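Please read the following points beside the sequence and the displayed structure. Each point takes up one topic.

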Number of protein chains: 2
Amino acid sequence: MAEKETLVTVALTTEEKIKEAATKIFIEKGFAATRTRDIASEAGINLALLNYYFRSKEKLFEVVMTESLELFLVGLEEILNDVNTVLKDKIAGIAIHYIDLLKKHPDLPLFILTEIKANPSRLDDNVVVKEMLTQSNFYKQLEATTQKKVEPMHFIMNMLGVLVFPFVASPVLRGTAEQSKAEFDQLMEERKHWIPIWMEAMLKTLQA
Amino acid sequence: MAEKETLVTVALTTEEKIKEAATKIFIEKGFAATRTRDIASEAGINLALLNYYFRSKEKLFEVVMTESLELFLVGLEEILNDVNTVLKDKIAGIAIHYIDLLKKHPDLPLFILTEIKANPSRLDDNVVVKEMLTQSNFYKQLEATTQKKVEPMHFIMNMLGVLVFPFVASPVLRGTAEQSKAEFDQLMEERKHWIPIWMEAMLKTLQA
DNA sequence: CCCCCGTTTAATCAAATGATTAACGAAAAT
DNA sequence: ATTTTCGTTAATCATTTGATTAAACGGGGG
């Protein structure tokens, strides 16, 4: 039994197989470039089953998008609203959390950004990111630090920029090949240490 | 004559009309989601003319992508290799240059990143970004500053992150509506001033 | 044993889509 | 004036693509 060879035997239902295949291909190629036949083939199932379980390509995509947003945001809110940590701790926590997440799912940010831009209503139905941020304890601590000298949103952008952008830009920054995958991951690992330091340095520029 | 009403009378050739329409729609929706009929309609020409002038959707796209990459990179190389400026000047120059460019073409980065990822060979034929960076005078000055204490590529990523990411993420960060377009541009304008300061602060963390 | 019902399959459909063709027109060349 | 060339158009083609259908399959309950 080939299945016994893996530690936890995977016995996916047809529905799960479709969803996993769809997640892989949608995130890799985006909604418009994805063919339902490719999903069916990747899942190893008959094309009709896709419509049998999920009604349509659109509906299936919505499931994948909702779960992707959840994956991206889960764990964030509790860090943002932890009353036991100061700003620097939260920044460090976010850095570690997201670099670990994005090393596992490097395509996730570009997927979300592209599909939200293509159809902003996808976001409405799920979460309003900006509100989640601006009403957080994190944001209040940030405001206390910036003291109205500068819009706190600048530092949200800076944080997301130094944290997420390397993954978004990696296809362009890395040479074409795979050779540098390990080096890239090594760089990202280093950034867990540096990002809190850099963020603090940027925030300190206000004291001048 | 309606054409006389605009200052510079626009007398676009059919080929130019197609290219402009294609540029608009490809950048807005991406290659896969773009229909040749939409381009023809936007250009106000017969569908067959698209193939008459550009052979295929693919070939037309390549023209648009090449010009987009050029638009994104033109002006950069001369800043990077200016022998009369120090690192901080170059950073300030890059910030101003790109914020002006991206205020005009906010969709450009996401377009390039998405399409390069979908088909990395598109980059080979044009430029190798990483090499252009690492062989520049800018990079040498950066290396002189970081003094092997940390990989200079970290600061390339930081610079691009704080500079470009806000535009890439704007559909997610801004509420759905248009109401905040002006506010967003105002924030970006402020960043011309702050980015050099933030970058310097991050670079100074090495002296500790 | 057989019937029922959820699942699966192969075949097929209709619409969308990129591309081509043949005819037409008009301006330039002869 | 006639021919040639280039641009343009409407119609059409072949393929792709999302979706549906009717039949077959197969296990559980009666």
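**Notes on a predicted model**

1. In this predicted model, a network of salt bridges links A:Asp100, A:Lys103, A:Glu189 and A:Lys192.

2. A:Lys88 and A:Glu200 meet through their side chains in a salt bridge of 3.2 Å, N to O. A:Lys88 counts as partly exposed because its relative accessibility is 39%. For A:Glu200 the value is 30%, so this residue too is partly exposed.

3. A salt bridge can also lie within one helix. The side chains of A:Lys181 and A:Asp185 meet in such a bridge, at 3.2 Å from N to O. The two residues are four apart in helix α12 of chain A, which means that about one helical turn separates them. Are the two partners buried or partly exposed? A:Lys181, with a relative accessible area of 31%, is partly exposed. A:Asp185, in contrast, has a relative accessible area of 16% and is therefore buried, the limit for that class being under 20%. Over all chains, the structure holds 19 salt bridges.

4. Another residue of helix α12 (residues 181-204) of chain A is A:Gln186. Its relative accessibility is 44%, so A:Gln186 counts as partly exposed. A:Gly30 is 156 residues away from A:Gln186 along the chain, and 27 Å separate their C-alpha atoms.

5. Chain A is divided by the domain assignment into domain 1 (10-64) and domain 2 (75-208). Nine residues from domain 1 of chain A and five residues from domain 2 of chain A take part in the contact. The centres of the two domains, taken over C-alpha atoms, are 30 Å apart. Between them, domain 1 of chain A and domain 2 of chain A bury about 540 Å², and carbon and sulfur atoms account for 67% of this area. A:Ile27, A:Phe31 and A:Phe61 provide 70% of the area that domain 1 of chain A buries against domain 2 of chain A, more than any other three residues.

6. What polar links join these domains? Between domain 1 of chain A and domain 2 of chain A the count of salt bridges is zero, and one residue pair is found in polar contact. On the side of domain 1 of chain A that touches domain 2 of chain A, the elements giving two or more residues are α1 (14-29) and α4 (57-73) of chain A. The largest share of that side, four residues, is supplied by α4(A).

7. The size of an interface is often given as the accessible area lost when the parts come together. For chain B and chain A, the buried area is about 4400 Å², with 77% from carbon and sulfur atoms. B:Lys117, B:Met157 and B:Leu173 contribute 16% of the area that chain B buries against chain A, more than any other three residues. In this contact, 47 residues of chain B meet 47 residues of chain A.

8. Two salt bridges are counted between chain B and chain A. A:Lys117 forms a salt bridge with B:Asp107, and their closest N and O atoms are 3.8 Å apart. There are 11 residue pairs in polar contact across the interface of chain B and chain A. Among the elements giving two or more residues to the chain B side are α1 (14-29), α7 (108-118) and α11 (153-173) of chain B. The largest share of that side, 16 residues, comes from α11(B).

9. Helix α4 (residues 57-73) of chain B has 17 residues, which at 1.5 Å a residue should span 24 Å; its end C-alpha atoms are 24 Å apart, in agreement. Buried residues of α4(B) include B:Leu60, B:Phe61, B:Val64 and B:Met65. After α4(B) comes B:Gly75, which has a positive phi, near 90°.

How values were computed: Residues are numbered from 1 along each chain as its sequence is written. Chains are lettered from A and ligands numbered from 1 in the order in which they are written. This is a predicted model: local features need pLDDT of at least 70, side-chain atom pairs count only at pLDDT 80 or more; totals for chains, interfaces and linings use all residues. Side-chain values use heavy atoms; hydrogens and water are left out. Buried means under 20% relative accessible area, exposed over 50%, partly exposed in between (1.4 Å probe, protein chains only). The expected span of a helix is 1.5 Å times one less than its number of residues. Domain bounds come from an automatic or database domain assignment. Contact means heavy atoms within 4.5 Å. Buried area is the accessible area (1.4 Å probe) that two parts lose on being put together, summed over both. A salt bridge is a side-chain nitrogen of Lys or Arg within 4 Å of a carboxyl oxygen of Asp or Glu. A polar contact is a pair of N or O atoms within 3.5 Å; within protein, one must be able to donate a hydrogen and the other to accept it, and residues adjacent in sequence count only if both atoms are side-chain atoms.
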